[in-house]
Amino acid sequence: MSATTRAATAALGYPPAAMPVDPAWDPEEDLPTAETEPTRWQRAWRFTRPSRASLAVGLAAIGLIAVFAIFGPWLTPYDPNTPDPSAITAPPSSQHWLGTDQYGRDVLSRIIAAARLDLTVAVSITALALLAGSLIGAVSGFLGGRVDDVVMRFIDVLLAFPAFILALGITAMLGNETRFVVVAVAIAYTPYFTRLVRGEMLTLRESEFAQAALCAGNRRPRILLYHLLPNALPPALAQATLTLGWGILDVAGLSFLGVGITPPTPEWGVLVADGAQYVNSGQWWISVFPGIAILIAVLGFNLVGDWLRDNLWRR
Amino acid sequence: MAVFTPAAPVVASPGLAPEKAPPLAEVANLTVAFPSPDSRMSAVVREVGFSLAPHESLALVGESGSGKTQTALAMLGLTRPPGRVMAGSVRIGGQEIVGASESTLRRIRGSQAAMIFQSPRTALNPLKTVGDHLSRVYRRHSGLDKRRAQEQALAMLERVGMTAPERVLRAYPHQLSGGMAQRVMIGMMLACNPCLLIADEPTTGLDVTIQSQIFALIRDIQAETGLALILITHDLGVVAENCDRIAVMQRGRLVELAPTAALFAQARHPYTLRLLASILRPDQPPQPIDLDTPVVDEVPIENAGHAWRAISVDAWKALDATRPEMIEVAPGHFVLCHPEPPVEAQP
Amino acid sequence: MTLRWYLLRRLGLAAVTLVGVIFAVFFMTRVLPGDPASVKAGAYATEEARAAIAREMGLDKPVPVQLTTYLGNILQGDFGTSTRSGQPVRQDLLSRLPATVELALFSLMLAALVGIPLGVWAAVRQGSRVDALVQQWTILAAALPLFWFGLVLIYLFYHVWGIAPPPVGRLDLGIPPPPAITGLYTVDALLSGNWAAFRNALAHLALPVLALGVATMSPFIKVARSAMLDVMASDYVLAARSLGFSEREVIWHDALKNALIGLLTVAGIVLGYLLAGNVLVETIFAWPGIGFYAWNALTGSDYDAIQGFVLTIAIIYVFLNLAIDVAYSLIDPRIRLR
């Protein structure tokens, strides 16, 4: 502290000296603002630090499942559907890394073979629900009024069922076919997208840029399509990623109950159900490993979905 | 624009008599920092110092983000983690605030110094009635029982000029207008009977008529109780009416501190001058705004006859690292000066 | 006055939704491209048998007539007859409901009593290691396949460690159920002072409740944490602090209640999880509730039973959501006095 400052502080009745509080803080050392600034890329990366590890884990999990789905037939050590009477319920070993099931089929091969079906089903469900839900939601929110009221009552009715129960009821009535499961679960998740996109639309519709677009002479369908929808989509896409995970969980749950995809088709829920009765007697690997596959897939989609939601949602 | 010569010769007058009464609040060398995105500490308040006599009104003015609110919060020990007071001292009624224990802080908050906030409606708990809010303060600070506290609450609502106090007592915050909510906040503050009120933009977002009512109320209370006031605002018009002294802040630093009349008449710091120039006067044509030259900062330089130069933001940062100091240019009138000439000067 | 209007409106909305739900189940069964008669008749039925069943179900009549009959039946509480038990579906469901309610209540208690404090704790210690751990646990628990998790629990607690009773039913075979008062075995056993039955009922509850509780815990943690963070950063918490109230008082008096209101708004989601998860958990643990009944119905193509089950769950869910909204409006003055 210089003489002038001392004089000034004395005149003002300052306490004579500054009181350093934090021992780690050296008042003589200046704050690091004048140092080299991080590049924009560095800053973006640092800013997402708390979640960037989880994003990496999520992408790795999805990557693993995707590799199974795409290259499955070349990766399976055994034919997933051929029984081997000589190796029935064999525990994990060097021949069968994850053991065999009650017919002697290789568990690892069946898990890998199931990835393609599970992933395809999840993607189809999400695509259908996203498409239908966003479209209905966008139009309903944009038009408002009577149309919106009627649509929302319909959505309320669908939301009055827990999603899984609705999917279960529809599949049970349609019959046990993969396409019916896809449709049923997609119907169950459509209202979530509708509500989300409609909510976004309601706020966007009143926004000043929408009014400005209208004043600039744009037609309403054009405003809906080019000005509003692109703004409503990021949250819907984040929701879609999460729906991929929930879709896998629900489809597996349904087939575990014997609804929808049925044995002997390799599907993760079916595989867990196959081994369920053997868990009591100690043959845990038949059910446990397929369950871990589900866990990895769902975890991956949830992590990436959460990250997208935190980073795409109105920021 | 490039060179500015102070109107009066600069005299550092160490012989000036200090304030007669012991100061009510003293802030010295206060530095508050928050972690920047790269998790290093970056200061939002730098080496701020001022003092406040009892019954005095001081205005803290400056642009958004200049550290006014953080200075005020630090004065009550309310700096929100991860922010920290890195250095300095705050004394209120002789009690050190920085580094004080939570129980000491609790004794001071409310009973010594209280604060009212920018958005009064969100500063009230949405689930509690106005009566709950006020009687809770009475029960905490005066140890009254429930019934007496309710009576006092009603009396307080009348005192802060509420027209239908019985009804307001039972109302929830969402049923109040902004002006009413601010009166309730003032009532809660008064119920603690403090010596110092920190008002953080208390009328932002209120109607102009309501705004003058709130300030009239604060002035009345000051006349009645001798309450000292720190008023945070960026409205210089409000300051002229209500405050004895003005402290101007820019980028976390106090750049000028002067009695109100002196500041309006003879501001020295370029930032203060810009601030003053921005006031619209009905009797004068608005000053043309020069949109062609890029916005630069001007800093005073201690030597070289106190010339002020326009410099770039980067140069300002380099200069700021040279630790500028407050120089007394006239009795009670302080201006921030840099001890060294700027490294890089630009037109 | 305004509250009464709000409640009336909400009640009316619930009634409309309920009618919609009944319609939806009707359309689900009669109008979707599937053929209920062939589902009911089974895969190996002859064409004559299928046609006979279709006639018996009234499927040969025009849709409006079917709808009227159906609505009439539902309103009289007639959910049809189970082909497996030969009993009216309504009776089957009612007799199994207490088992489901007991399981759901205990799971909800576990999820809320562990999940909410965990979320609040993580929020108060935001950015700490505790916070990080709690968040990782939330993400993991949300991805657990419930049916798989139940099997893992059975394997560990029953097969490996032998500390859980066999995962079948609500009581061991040798133990007679306590006299039916509420239908909840734990409560009934306590009321009748039957300690052996109480302990055994609790032991049987432990694993299914653990499975269902963990699966429904994530939303509680997540929402409790974010609601608490919002509230702790709010202006009124700052204002309370500035008036000299202690941190503890601020948390209990100002923050917690506001944060819990945020939780109430997502209680519907949690209850939805719970109702859906019930089917899976009851199936794994052979728990004689309506979920297990539904699974039996699914495997046995018991057509009316499935339909009755779906309808019952939806009706319960509508009423639960109604109850949540009413509770919400009573607690939050912003709705109560709007």
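**Loops, helices and a chain contact in a predicted model**

With 14 C-beta neighbours inside 10 Å, C:Ala286 counts as partly exposed, since that count lies between the 12 or fewer of an exposed residue and the 20 or more of a buried one. The position is worth a look for its backbone as well: phi of C:Ala286 is near 45°, a positive value in a residue that is not glycine. Along chain C, C:Ala286 sits in the loop that links H11 and H12.

The coordinates discussed here belong to a predicted model, which scores ipTM 0.88 and pTM 0.79. For chain C, the pLDDT averages 86, and 95% of the residues score at least 70.

Chain A is built from 11 helices and 0 strands. Its pattern along the sequence accordingly reads α-α-α-α-α-α-α-α-α-α-α. Of its 315 residues, 47% count as buried. Contacts in chain A between residues at least 6 apart in sequence join, in 70% of cases, residues at least 24 apart.

One stretch of chain A can be followed from loop to helix. A:Pro263 and A:Pro264 are joined by a cis peptide bond, with omega about 5°. A:Pro264 is found in the loop between helix H9 (220-256) and H10 of chain A. Helix H10 itself covers residues 268-279 of chain A, and at 1.5 Å a residue its 12 residues should span 16 Å; the end C-alpha atoms are 16 Å apart, so the two values agree. H10(A) is also largely enclosed by the rest of the structure, because 9 of its 12 residues are buried. The buried residues of H10(A) are A:Trp268, A:Gly269, A:Val270, A:Leu271, A:Val272, A:Ala273, A:Asp274, A:Gly275 and A:Val279.

Within chain C, one pair of helices can be described through its packing. Two packed helices are described by the angle between their axes and the distance between the axes. For helix H5 (residues 89-124) and helix H9 (residues 195-232) of chain C, the axes come within 5 Å and cross at roughly 35°. The crossing of H5(C) and H9(C) is right-handed. Sorted by class, the contact of H5(C) with H9(C) comprises 23 nonpolar, 5 polar and 2 charged residues.

Chain C also meets chain A, in a contact that takes 40 residues from chain C and 37 residues from chain A. On the side of chain C, the elements giving two or more residues are helix H1 (2-30), helix H2 (36-41), helix H6 (129-143), helix H7 (146-160), helix H11 (247-284), helix H12 (290-299) and helix H13 (303-331). H7(C) gives the most to this side, with 8 residues. By class, the side of chain C that touches chain A holds 32 nonpolar and 8 polar residues, with no charged residues.

Terms used. Residues numbered from 1 in each chain as written. Chains lettered and ligands numbered in written order. Predicted model: local features only at pLDDT ≥ 70, side-chain atom pairs only at ≥ 80, totals over all residues. Contact = placed C-beta atoms within 7 Å. Helix = DSSP H or I, 4+ residues; strand = E, 2+ residues; numbered from the N terminus. Nonpolar A, V, L, I, M, F, W, Y, C, P; charged D, E, K, R; others polar. Expected span 1.5 Å × (residues − 1). pLDDT = per-residue confidence, 0-100. Axes fitted to C-alpha atoms, helices over the stretch in contact; angles between N-to-C directions. Left-handed = near helix turned anticlockwise from the far one by under 90°.
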